[in-house]
Amino acid sequence: MRPVWPPDAFAIAATLLKDSGAYTEVVNQWPPRRYRDTDAWHDAIERLSQDWRQIYDDRKGWPPQLERWWALIVRNSDLAVSDIRSKRNLLEGLVGIVAAADQTCFGFGIVKADAKDEPEDALNDIALVHLTRRGTLCEKIDRSRTIVLPKLHNPLNGLTMRSLTHNLALWDNPEVTPSWEQIALDVQCGMNVLLVPWPLAITPRAFRAVSDHDEKMPPDFGLFTYDSNGARPMISRIKKLVRNAENLVGRIDAIVFPELSLSLSEYLRIRFAFSRTLIIAGIGLAASNGNLGRNDVALGLGYSQTYLQSKHHRWRLEERQIEQYGLGCSLTEQKWWWEAIRMGERKCAFFSANAWLTLCVLICEDLARQDPVAELVRTVGPNLVIALLMDGPQIAERWSARYATVLAEDPRCSVLTMTSAGLVDLANSQLGRGPRSIGLWKDALSGSARQIILNEGAEAVVLSLTREMYKEWTADGRHDDGSTGYLRLMGTHQVRI
């Protein structure tokens with residue numbers, strides 16, 4: 001049966017190119033001889049994608065050129081995958097199917113700027129149904145074999161299978177389950193993000209050893225949990241922060257809290273108080289009574305479902321960190337202390353917010369430990385990655401800047417890291433006063449990472465982000481006509497009460 005649905009055809013052809021490594025031939029000799037240059041190749045693929053959309057809409061199968069390329073695959077079905085590189089006609093057919101499917105799937109899964117003003121698009125509607133119900137754009141290919149997702153950025157350095165597409169991402173690692181969510185965020189050319197670095201004060205007693213657990217561990221290992229035991233956040237105080245922030249910059253589009261800053265009930269109260277604002281927060285539950293704790297990120301907008309994503313790696317407190325945060329009274333330096341949280345299925349969600357913005361959120365160690373989530377993030381290439389941390393000062397010399405730079409370079413994401421002011425102060429009090437740097441911003445356009453400082457007397461910081469559209473290119477010479485959005489940090493504003 002011919003895979004006439006574009007993501008199905010892409011999944012087959014892209015898997016063969018990836019597994020054989022033959023995609024690298026596009027930089028040796030491309031385009032095929034019958035095309036004058038890469039501009040002619042780009043134009044031919046654009047026309048083919050338009051034909052594919054029209055023919056699929058009319059239920060007439062698929063274009064003749066795709067029929068010829070598919071026939072090459074069928075005729076070579078007995079060929080070893082490792083020999084695809086040596087079969088030039090087959091290689092060109094596979095790259096052609098990938099390119100045509102990629103071009104045909106422009107906008108699949110992406111929230112439209114204004115659905116009322118957009119023309120009807122039956123293919124996009126079908127794609128959204130598949131994403132919602134099956135977690136993949138594919139129709140006939142089961143997600144246990146491979147998953148096809150929308151895509152935002154492709155790398156402009158190096159050469160991988162990711163270099164061949166603008167709009168489609170191939171994910172074949174079942175260790176991490178991706179999901180694609182839609183949140184209609186009404187932002188046009190930029191957005192204002194309020195960073196609330198709670199708690200503002202943390203004492204060493206917030207960290208304690210957990211002895212009543214069933215895990216069998218070597219004598220040199222132990223479990224710890226974090227429980228702030230501080231004053232709980234008040235809605236009235238957040239409303240004042242938001243009101244003062246809006247007096248500075250206008251509408252606040254998103255509010256972000258760091259790792260382990262709120263309980264789930266606190267998060268829900270805040271979210272329902274700001275129903276038109278995207279709320280992102282680290283949700284914590286301390287270990288107690290023999291039960292392990294929780295460390296999640298919560299994300300939601302309006303009165304729709306709250307999405308929860310668990311942390312993928314336990315935090316290990318080393319001797320250096322115990323000294324850095326002054327925790328020796330609570331945790332002995334003679335042990336390796338692991339965060340007492342339950343480890344569940346590994347999932348990573350991507351949130352399409354509008355026609356140019358898709359984001360994902362990671363929790364602390366998930367940014368530092370590259371396996372297995374970072375490869376999925378690079379594959380999809382979201383415009384914005386937010387990393388919620390329980391960490392010390394966010395300065396360019398530390399680990400968070402290093403790993404943010406990795407994603408900013410490939411696949412050119414904009415990356416925000418954020419920690420609590422309380423833990424920054426705790427670290428600074430042990431090491432000698434330094435900057436109260438609660439965050440870092442790194443993007444592909446602006447050079448080095450930029451520190452986000454919380455000034456004395458301030459309780460929050462507003463980031464004013466602007467959107468810039470740039471043209472990206474695939475390794476086979478196709479461009480996206482400047483439809484890729486980049487976020488840049490254009491201003492920081494201190495918010496006081």
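Where is glycine 190 found? I looked it up: glycine 190 lies in strand S4, residues 190-195. Strands are DSSP runs of E, at least two residues long, and helices are runs of H or I, at least four, numbered from the N terminus.

This is a predicted model, where local features need pLDDT of at least 70, side-chain atom pairs count only at pLDDT 80 or more, and totals for chains, interfaces and linings use all residues. Residues are numbered from 1 along each chain as its sequence is written, and side-chain values use heavy atoms, without hydrogens and water.

**Glycine 190.** I checked burial. Glycine 190 has a relative accessible area of 17% and so is buried (under 20%; exposed is over 50%, partly exposed in between, with a 1.4 Å probe and protein chains only). Leaving aside neighbours within four places in sequence, I found glycine 190 in contact with residues including Asp253 and Trp356 (contact means heavy atoms within 4.5 Å).

**Threonine 484.** I turned to strand S20, residues 484-495, which holds threonine 484. Threonine 484 counts as buried because its relative accessibility is 4%. Not counting residues up to four places away in sequence, threonine 484 touches Leu152, His153, Glu468, Met469, Tyr470 and Glu472.

**Helices H1 and H4.** I then looked at H1 (residues 6-20) and H4 (residues 88-104). Their axes come within 8 Å and cross at roughly 140 degrees (axes are lines fitted to C-alpha atoms over the stretch in contact; angles run from 0 to 180 degrees between N-to-C directions). That makes H1 oblique to H4 (angles under 35 degrees are roughly parallel, over 145 roughly antiparallel, 65 to 115 roughly perpendicular, the rest oblique). Among the residues that meet, I noted Phe10 in H1 and Leu94 in H4.
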